[in-house]
Amino acid sequence: YIINSLIHMGFCRQNIKMLFYENSYKPIKGNLLCLAKQSVNLDVEELEQIFGKKYDINHKTVDKKTKHAKQTKRLRITDKAFLEQTFDIKYNSLDISKYEGANIIGDLNKDLPKKFHKKFDFIFSGGVLDNLFNPTNALINISKLLKDNGRILFWEPSRGLVGSMLNFTPEYFYSYFSLNKFADYKVYLLHHKKDLINKKHPFDYKVDIFSYDPNFTRKKNFNYLKSSKS
């Protein structure tokens with residue numbers, strides 16, 4: 001699954017719900033890899049409502065470091081605590097350095113060692129590709145890391161996000177996974193809108209979700225300039 005979006009590195013309401021539905025379809029288990037550490041941008045209370053469970057809260061599981069957690073007085077947990085307590089997985093994190101405590105050190109811009117190939121059942125990226133110099137090589141790397149019948153969930157910016165070096169079109173991902181003969185691939189485009197009524201903190205917003213399909217009929221007098229402004 002690929003979600004082209006307008007926010008940055010982490011778990012937010014939309015990709016958390018995507019994980020919920022994906023787990024309902026087929027349980028998420030085994031070796032899970034996060035591409036870099038992720039902020040969990042939902043309060044524990046809402047996580048418990050979504051997944052119908054209670055989370056173990058202690059000094060190891062509470063998030064006291066990320067800026068998103070500091071923006072709210074409500075309790076939030078780390079990505080490791082969220083994933084390990086929600087799914088039957090072993091948590092792993094890959095990063096270019098040990099700065100945020102990753103247990104696998106590697107540069108996605110370059111070829112990763114073969115010892116990591118086909119090691120992971122589920123891979124999650126919460127806005128990593130837009131920070132890389134060579135996202136195409138990163139995509140190839142990530143595909144090699146995935147086990148046969150494994151799954152990937154990308155959450156990447158599509159346009160105009162402050163701080164992102166790159167933006168991706170739905171076609172970019174759809175074409176890659178299609179031409180490389182992945183068994184199943186779905187692409188969604190999310191349009192974020194400011195919630196003027198119920199907004200609690202900067203990362204609470206309303207979202208319109210569109211399913212991307214490359215098959216369409218072009219209007220006879222299609223206006224490219226007008227389309228680019230939509």
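This is a predicted model: local features need pLDDT of at least 70, side-chain atom pairs count only at pLDDT 80 or more; totals for chains, interfaces and linings use all residues.
**Phe168 and its partner**
- Tyr172 has 27% relative accessibility, so it goes down as partly exposed.
- The ring centres of Phe168 and Tyr172 sit 5.3 Å apart with 40 degrees between the planes, which means the pair is tilted rather than stacked, as stacking needs planes under 30 degrees apart.

**H5 against H6**
- Helix H5 (residues 135-145) and helix H6 (residues 170-179) have axes that come within 12 Å and cross at roughly 40 degrees.
- That makes the two helices, H5 and H6, oblique to each other, and their crossing is right-handed.
- On the H5 side, the contact uses Pro135, Thr136, Leu139, Ile140 and Ser143, while H6 brings in Tyr172, Phe173, Tyr176 and Phe177.
- Sorted by type, the residues of this H5–H6 contact come out as seven nonpolar, two polar and no charged.

**Aromatic pairs elsewhere**
- Across the whole structure, a search turns up 17 aromatic pairs.
- One of them is Phe11 with Phe124, a stacked pair at 4.2 Å centre to centre and 15 degrees between the planes.
- Phe11 belongs to strand S2 (residues 10-11) and Phe124 to strand S7 (residues 120-125), so their pairing ties together parts 113 residues apart in sequence.
- Phe11 and Phe124 are both buried.
- Ring pairs also join Phe11 and Phe124 with Phe20, Tyr21, Phe51, Phe82 and Phe87 in a cluster.

Conventions. Residues are numbered from 1 along each chain as its sequence is written. Side-chain values use heavy atoms; hydrogens and water are left out. Axes are lines fitted to C-alpha atoms, for helices over the stretch in contact, and angles run from 0 to 180 degrees between N-to-C directions. Helices (H or I, at least four residues) and strands (E, at least two) are DSSP runs, numbered from the N terminus. Angles under 35 degrees count as roughly parallel, over 145 as roughly antiparallel, 65 to 115 as roughly perpendicular and the rest as oblique. A crossing is left-handed if the near helix is turned anticlockwise from the far one by less than a right angle, and right-handed if clockwise. Contact means heavy atoms within 4.5 Å. Ala, Val, Leu, Ile, Met, Phe, Trp, Tyr, Cys and Pro count as nonpolar, Asp, Glu, Lys and Arg as charged, and the others, Gly among them, as polar. Rings of Phe, Tyr and Trp (its six-membered ring) pair if their centres lie within 6.5 Å; planes under 30 degrees apart count as stacked, over 60 as edge-to-face and the rest as tilted. Buried means under 20% relative accessible area, exposed over 50%, partly exposed in between (1.4 Å probe, protein chains only).
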